[in-house]
Amino acid sequence: MHRLRAILLDHGLDAVIVCLSAAAGLNIVTRAGPTGTDDVGVVLPTVAVVVMTLALTLRRRAPFAIPAGTWLSSATLSLVDGSLIAGHAPLSIVGMIAAVLLGDLRDQNQSRAGLAVVVASAATVAYQDPTHTTGDLFFIPGLFAAGWLVGFTLHARTEQTEAAEERAARAEWQRRNEGRVAVAEERARIARELHDVVAHAVSVMVLQVGALRHRLPVEDETGRETLRNVEEAGREALTEMRRLLDAMRRDGEPLDLVPQPGLGEIAALLATVRAAGLDTDLHVHGDAVDLPPGLALSAYRITQEGLTNVMKHAHTHHAEVHLRYSIDSLELEVRDDGVGPTATDSLGHGLVGIRERVTLYGGSMTAGPTETGGFALRARLPLDPGLTA
């Protein structure tokens, strides 16, 4: 079905033109009578009309010259025989097709020139018709000028559609590009935050190795040398991590000297949010456990971003934060009872950051309206029992 539709769109008009050409030639031969088919005076006009109409099938190669040539040929043939073109319905349809094609030209100068050709040629054909009336000299050119106007209107509508599609494609490209930039920036931010967590762990390891090395007997030179190598490798790792952090930091961005937060700072976060005018309740379900620093940091940032979205987009004064601890996961939920985001709100970049943090730990998240009204952000972070205390 799709293939047939494509064939009709590409070659349907060509098929119509071929049929009209055959009908026009047959019409001329029929008017000449049964003995006229061998007469040169019939054969030559018939061939001329058929060639003139079939030339429209080549319109894609010369969008202006072929339709304009069809009309100029019609006017020329009418000068030879006034009744050859006028009064033939197939040729009138071919002329209308040519007029519409000239109106649909992309080049506006050529399109206007085509209008002049259509009007002048149609007036010539009408004038050369032996049976014409005064009204025909105005009606016939006006009729084909209306066909040109139809093509001109279709072209304007097509240009509007193409412009709208281009704007939509540009907006989609910009949205995707902004999304990629947001993902890259969020990943860099996560890396900078986790740097402190990893650096702290490596620093503790280096200190413990150093302490252990000093406790070894002096005669245990092999053990002391091995621990010294581990200690130096740890310090080199810290140095390289600092250089990596500097490479990820944007120009002019200051050093973050404040310790990275965790779930222990949730109460302070809620106090700040309440001070900003958003009444927020905290609900903890299950027995809280000590989480790895990186996971605790991500949980804090997810909660922080959820509350930020509520203040920006929910149009409400109340929100709830739920922390649900289970054996294998930590579930976070930030919900409100507001009207939710409007069509002009931009939750995308905030959710990008949350999604990146959740994906980092193999979790899952959902965000959207609730059945009872309002908006809810839910995230699930798997817990490794061996890393919790």
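This is a predicted model: local features need pLDDT of at least 70, side-chain atom pairs count only at pLDDT 80 or more; totals for chains, interfaces and linings use all residues.
Visitor: At what angle do α5 and α6 pack?
Guide: Axes are lines fitted to C-alpha atoms, for helices over the stretch in contact, and angles run from 0 to 180 degrees between N-to-C directions. α5 covers residues 89–103 and α6 covers 108–128. Their axes lie 8 Å apart, and the angle is about 155°.

Visitor: What does that make α5 relative to α6?
Guide: Angles under 35 degrees count as roughly parallel, over 145 as roughly antiparallel, 65 to 115 as roughly perpendicular and the rest as oblique. The angle of this pair therefore makes α5, relative to α6, roughly antiparallel.

Visitor: How many charged residues has the contact of α5 with α6?
Guide: Contact means heavy atoms within 4.5 Å. α5 brings Ala99, Leu102 and Gly103, while α6 brings Ser111, Gly114 and Val118. Ala, Val, Leu, Ile, Met, Phe, Trp, Tyr, Cys and Pro count as nonpolar, Asp, Glu, Lys and Arg as charged, and the others, Gly among them, as polar. By class the contact has three nonpolar residues, three polar, and, of the charged kind, no residues.

Visitor: What share of the protein's residues counts as buried?
Guide: Buried means under 20% relative accessible area, exposed over 50%, partly exposed in between (1.4 Å probe, protein chains only). In α5 the buried residues include Val94, Ile97 and Ala98. β3 is mostly covered, with six of its eight residues buried. Of the 389 residues of the protein, the buried share is 36%.

Visitor: In what order do the five strands form their sheet?
Guide: Strands pair if DSSP finds at least two bridges between them. The sheet is open and its pairing is mixed. β1 and β2 pair in the parallel sense, while β3 and β5 run antiparallel. The order is β1-β2-β3-β5-β4.

Visitor: Which strands stand at the edges?
Guide: Each edge strand has a single partner, so one side of each is left without a neighbour in the sheet. From one strand to the next, the twist averages 10°. The edge strands are β1 (279–285) and β4 (364–369).

Visitor: Which residue in β3 is the bridge partner of arginine 324?
Guide: β2 (318–325) and β3 (329–336) pair in the antiparallel sense over seven bridges. A hairpin of three residues joins them. Arginine 324 of β2 also stands opposite histidine 285. Its partner in β3 is glutamate 331.

Visitor: Which helix packs on the sheet, touching β1 and β2?
Guide: The helix covers residues 266–275. Its direction makes about 160° with that of β1. The helix is α9.

Key
Residues are numbered from 1 along each chain as its sequence is written. Side-chain values use heavy atoms; hydrogens and water are left out. Helices (H or I, at least four residues) and strands (E, at least two) are DSSP runs, numbered from the N terminus.
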